[in-house]
Structure formats: structure tokens, C-alpha cells
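This briefing is intended for a reader who wishes to examine how the parts of a protein assembly meet. Please consult the sequence and the structure shown here alongside the points below.

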Amino acid sequence: MPDYLIRLAQAHETFRKPELESLAELLDIRLEFLEYSPDSPHCLVRLESLKDAEKLITRSILTDSICELWGQGSDYASLHADVKERTTHRWPDFLHASFRFSVFGYQGKRDTKSHSSIIDSFSYMGFLGPIRMKNADHEFIVFEEYGIREPEPKRIFLGRLVARGSRPVVSKYDLKKRSYISTTSMDAELALITANIAKASAGKLFYDPFMGTGGFPIACAHFGAMCIGSDIDGRTVRATPDRNPLTNFKQYGLMSYCLDNFVSDLTNSPLKCERWLDGIVCDPPYGVREGLKVLGSRTGLHKLVIFEDGTPAHLAPGFIAPKRPYSFDAMLDDILHFAACMLVDNGRLSMWMPTATDEDIALSIPQNEHLELLSSCIQTFNKWSRRLLTYRRLPGSVTGPVMPRPDKEYVNGSTADDLNNFRKMYFEGFRDKSSKG
Amino acid sequence: MKILTLTFLTCARKSCKPEPTSYPLHPTSAELEIIPVDFNPLFLRALLPRLDWPTLRILCEAFGLPGLQEEAPEEDALFLQPEEGGAMEDVEVQGEKGKEVVEDVEKKGEEETREASQLAKDLHHLLLETTMQEGKLVCGCCGHEYAVKEGIANFLLPAHLV
């Protein structure tokens, strides 16, 4: 099994490994990490073939490129020695092909003159083909990795380019260029990564119960999955005739992947309770910028409302169903329960969850007996952070149409603050508990 | 609402869910529209084992659409058989088939080289292109009516039904 060098984006570090692992699983590729550090964009992996390397990386959002590893070293002497040992027997295959060399530095750079001398130092490979800066048959890249403010690189790699990742797609879906967005639309890059981690792909059926302006369905549709979206807020689903979720799908030419959007509440879902979904991706409302509400009356009086003239209120045109604030923990458990009821074997749930940065995370990650937590990726802000939790539906244990949701005690209360600890902490500015006194 | 989506919908009320009469929702005073979308045989293949065929037949009847064959087709019927060169109406359903298909799709990913049959094209037209733009969806159990406007259904319930 040959070794490959993956050059990752030095961003969203905790998402990088789960993304590659998910893609490997989706494409049925054996992937073994040889060297990986969150502090470095260079990652060494072992894969079975060149074809696997290409397949794995083409869809990756957090990968710049994958190269066949031709050598590595702590300085140029050791790099050249390694290149000679690994690849001398392969040089004749490249003798007459066109090629180009380039040099990339991480946390350090050199002037053009030293670039040429570095490139010239590989002349012992004796390639005779023409040098082409565009569309060369083979592209060789020298990767230098510097320590902070060090004059010489601490690690150097030589790789032959195999494939590039999907990073350019991020700018295609950039929210700034999207016709219909709202204050809480998910960043295009993270939405695409979420779709990758949830293994969205052609032929699959995905659902987002909190679609908002449709960011996740669009990301899943980009990878060929058929998408259903819903939201409790009918205004975001319908929006205006010229700006709504469908115009977004149209903008990206993805209309054929939009199955339907409708207005519904997850706690009273109209979806048939059987295991027919391949994936669920969602960013539930945190209750900070958007209300965390479910159907029901705030006063708890679930009575039929009748107008003075005797007609029931809910049959009047323009009736708006009453909603009440809901506990955030209960909502997360509801999502997990829903996923357990609806996902096919090994189907994935990828869900975002906010936390205070100093909170004990292990205690607050929701659990469900039919779901296995696969990864927890973190995006930190100043005093809070949010996590992308990904679960796998464990095979077997087929559930009936109404699998009871395990009963649990949630905080009592009727105001948003009582029900949602995160919201409370957010508006208190995440003050240190000891200083509250 | 595409007809495919309707085969996945039931009454939103928790008390109706266990009742067989709450599924499927019955369309009334429906206005249908054909909205063309790209043909996706890979999706149809993966969908077939999850498709509730008797429900689809009920919906077709409710909408006054041409009747469907009695038995759900097999995966093979979605593709032209190379030696026969025509759509095959194979009505025999094998119990184990469904599971195999899903695994198959997982493995093969995006590969599908066989040519689609007329049946697959008809199913595509019915499930993914025939859309209910206006009308009501009625629960056969509680009688609650869910409105569909401009192709978007509203499943929110008044407080007394939650």
C-alpha cells in the first residue's frame, strides 16, 4: 500500500479527520493515518491505490490536494536521500513526459531565486520532457513546513500531485452570493463539510427538520442526495416569490434534488415513522437568535378556540398555530429519538449543538441507545463554541410505528430562559460561576 | 408536494399515528402540475424497496391518475434487459431483494450503466414530476385538513390537537 501526502486546509482542524474518514467509509476505501497533527496541514496516509486517492480527495472540502509521497526529510539532504531510495526505479517512467515543479511553504516562504535552486537540486532525476507551467502531465510539489519564526523548514516533502480537493466549491456556495439567506444561515463551507460527514451521496434521501433558508439541503444536494426540508416557521419556507429556498436550489441548478419543503414541527412530525431516511442533517435553533419553539399553547391549555360567531379559530383563513418555548435538552433528545426511528441501518445524523466553552462537554452530549456517537467536531467562538455531533444508526432493532421516547425529567418552566441553559448563559455573558456569588 | 413525498406522509397528530386510517393522507380538491426534473435512475433504484406500493396505488386513484400494476416492480424491471431489449413486467417479488439493493447502492456508489426501462421513466414522471400545488390533505382518522398552497403543505396543528 503506497503512502500519500494530503495537504489539508489549516482551518476547522477538528473536522478534517472525520471528513476524510467519512468519505473513506462512503467510498469503501481503506484509509490509514500514518502521521497527523492538528497543527500541521501535512498529513501522511496509506491507501490501496492511486484511484482510491483520487476518489477520496475529489469530494473533500477541507483538502487542498493529495500527492503520491516521493520523499520526506527534516532537511534537504535527508529529503534527497529519501527521494532516491523511494523512487529511483520509477524515474524512467517519467523520462519524456511534460512536468512542472513548484514549492509551497507553510509558516514561512522563500524568494523566487531560492525556489529555482530548490527545484534545480532535483535535477538528478534526469527528466528530459518539456517543462510546462500549465497542463503538465506530472506536477511535482515541494512542501516546506516551518516552525514559527524559524529560518529553515523543520519538515520537507516531495509529492507528485494526484488530485485536488473540492475547496473551490466553497466559494460557489458562498452565502454572500446566495439569493436567499437569513441571520442564522450556516456558513457554506461548514454546511458542505456536514454533508460530507453525514455521507450525503447520489441515490440517497436526506432530511433537514430545521431547514430555515435551506443551507443543509443545498449542501447535500450538491453531493447528489435527494432532499426534504421542513421548518416550523412557515415564513422562512415560503418567503417571497422571488427569494425562497427553491430559488436557491434554482440558482445552483439543483432543482432536481429538491424533493419537497413543507411547514412542520419535529415534535409533531407528519413523516411516516418508518426507517426510510439515509441521513438527517440539522442545525437546531439555539434559542438565542431564533426562538426555540414547538407547537402548543404557552398556558398549557390545549382547548379548542372558537370565535364569537361559532366558527373554530383554526379553520379561519390565515390562522397561525400557537407555539410555546421548549427545553433545549428535550429538543436534542427529540432529534435523536426521531433519527433512531427514521434512519436506515448505519444512516447518519449530523447535528450542531452549542455549548459554553468551559462547560463539561462529556455530560451534555445527548445519547440514544440506538445511535452511536462517531465524531464531535468543534468550532470555537470567543466564549462559546458549537459542535457538530455525528451519530450512526446502529443496525437491527427494528422499531414499531410508535417507538416510545424514553421519559426523562426536564426543567420545568415556561420562559425561554428557564428552559434553555445555553440561552441563559449566553445572555449572562458566560460569566464565571464563582464570580456570580 | 410531489407524489413521492405524499407516500411518506401521515397525520401529524400523535394520537393518530398508531391508527392505520391516518396513512396515507387523502388529497381533496387537488390541483396537479407537472414540474420536470432530471431523471435519476440511481435514486429510483435505491427508493424502490422503501416505496409503499399499495399507498401509491391509493394516491393514484385519489388523483384520478392511470392505474398502476398490482404488485410492486422489482429492481430489474427499472432497467432494460440486454438480451430482451425491452421493459420487463416481472411481478414476482422476492422477500430478501430489498435489503440487497440498499447494500448494493452503498457499495457501487454512483455507478449505473444499465439503460432505464419505460417503467422507470413512468415512475419518475409519477413520483418526482407530478406535483400537488393546491388543495387539502385530509387525515382519515381525525378528519383534520392540512392545506397545501403553492406546493407547500402546512402541518402545524392548532393547540387543541397537539
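The model is predicted. Chain B and chain A bury about 3700 Å² between them, and domain 1 and domain 2 of chain A bury about 1400 Å² between them. Over all chains, a search of the whole structure finds 27 salt bridges and 28 aromatic pairs.

**Interface of chain B and chain A**

- The contact involves 38 residues of chain B and 43 residues of chain A.
- Of the area of about 3700 Å² buried between chain B and chain A, 63% lies on carbon and sulfur atoms.
- B:Phe8, B:Arg50 and B:Leu156 together supply 18% of the area that chain B buries against chain A, which is more than any other three residues supply.
- The rule finds 2 salt bridges across the interface of chain B and chain A.
- A salt bridge joins the side chains of A:Lys272 and B:Asp52, with an N to O distance of 3.5 Å.
- Polar contacts across the interface of chain B and chain A number 15 residue pairs, with both residues at pLDDT 80 or more.
- On the side of chain B that touches chain A, the elements giving two or more residues are helix H1 (3-6), helix H2 (41-47) and strand S4 (152-153) of chain B.
- Helix H2 of chain B gives the most to that side, with 3 residues.
- By residue class, the side of chain B that touches chain A consists of 21 nonpolar, 8 polar and 9 charged residues.

**Domains of chain A**

- The domain assignment divides chain A into domain 1 (3-164) and domain 2 (173-432).
- The centres of domain 1 and domain 2 of chain A, taken over C-alpha atoms, are 40 Å apart.
- Domain 1 of chain A brings 13 residues to the contact, and domain 2 of chain A brings 20 residues.
- Carbon and sulfur atoms account for 64% of the area of about 1400 Å² that the two domains of chain A bury between them.
- Within domain 1 of chain A, the residues that lose the most area to domain 2 of chain A are A:Phe15, A:Arg59 and A:Ile61, together 41% of what that side buries.
- Between domain 1 and domain 2 of chain A, the count is 2 salt bridges.
- The side chains of A:Glu25 and A:Arg348 form a salt bridge, with an N to O distance of 3.1 Å.
- The rule also finds 8 residue pairs in polar contact across the interface of the two domains of chain A, both residues being at pLDDT 80 or more.
- The side of domain 1 of chain A that touches domain 2 of chain A comprises 6 nonpolar, 4 polar and 3 charged residues.

**Side-chain pairs between strands of chain A**

- Side chains of opposite charge can pair when their charged atoms come close.
- A:Arg7 and A:Asp64 form a salt bridge in which the closest N and O atoms are 3.3 Å apart.
- Because A:Arg7 lies in strand S1 (residues 3-8) of chain A and A:Asp64 in strand S4 (residues 63-73) of chain A, this pair ties together parts that are 57 residues apart in sequence.
- The aromatic pair of A:Phe101 and A:Phe140 is stacked, because the ring centres are 5.1 Å apart and the ring planes stand at 20 degrees, under the limit of 30 degrees for stacking.
- A:Phe101 in strand S5 (residues 99-106) of chain A and A:Phe140 in strand S6 (residues 138-146) of chain A are 39 residues apart, and the pair links distant parts of the chain.

Note on methods: Residues are numbered from 1 along each chain as its sequence is written. Chains are lettered from A and ligands numbered from 1 in the order in which they are written. This is a predicted model: local features need pLDDT of at least 70, side-chain atom pairs count only at pLDDT 80 or more; totals for chains, interfaces and linings use all residues. Side-chain values use heavy atoms; hydrogens and water are left out. Contact means heavy atoms within 4.5 Å. Buried area is the accessible area (1.4 Å probe) that two parts lose on being put together, summed over both. A salt bridge is a side-chain nitrogen of Lys or Arg within 4 Å of a carboxyl oxygen of Asp or Glu. A polar contact is a pair of N or O atoms within 3.5 Å; within protein, one must be able to donate a hydrogen and the other to accept it, and residues adjacent in sequence count only if both atoms are side-chain atoms. Helices (H or I, at least four residues) and strands (E, at least two) are DSSP runs, numbered from the N terminus. Ala, Val, Leu, Ile, Met, Phe, Trp, Tyr, Cys and Pro count as nonpolar, Asp, Glu, Lys and Arg as charged, and the others, Gly among them, as polar. Domain bounds come from an automatic or database domain assignment. Rings of Phe, Tyr and Trp (its six-membered ring) pair if their centres lie within 6.5 Å; planes under 30 degrees apart count as stacked, over 60 as edge-to-face and the rest as tilted.
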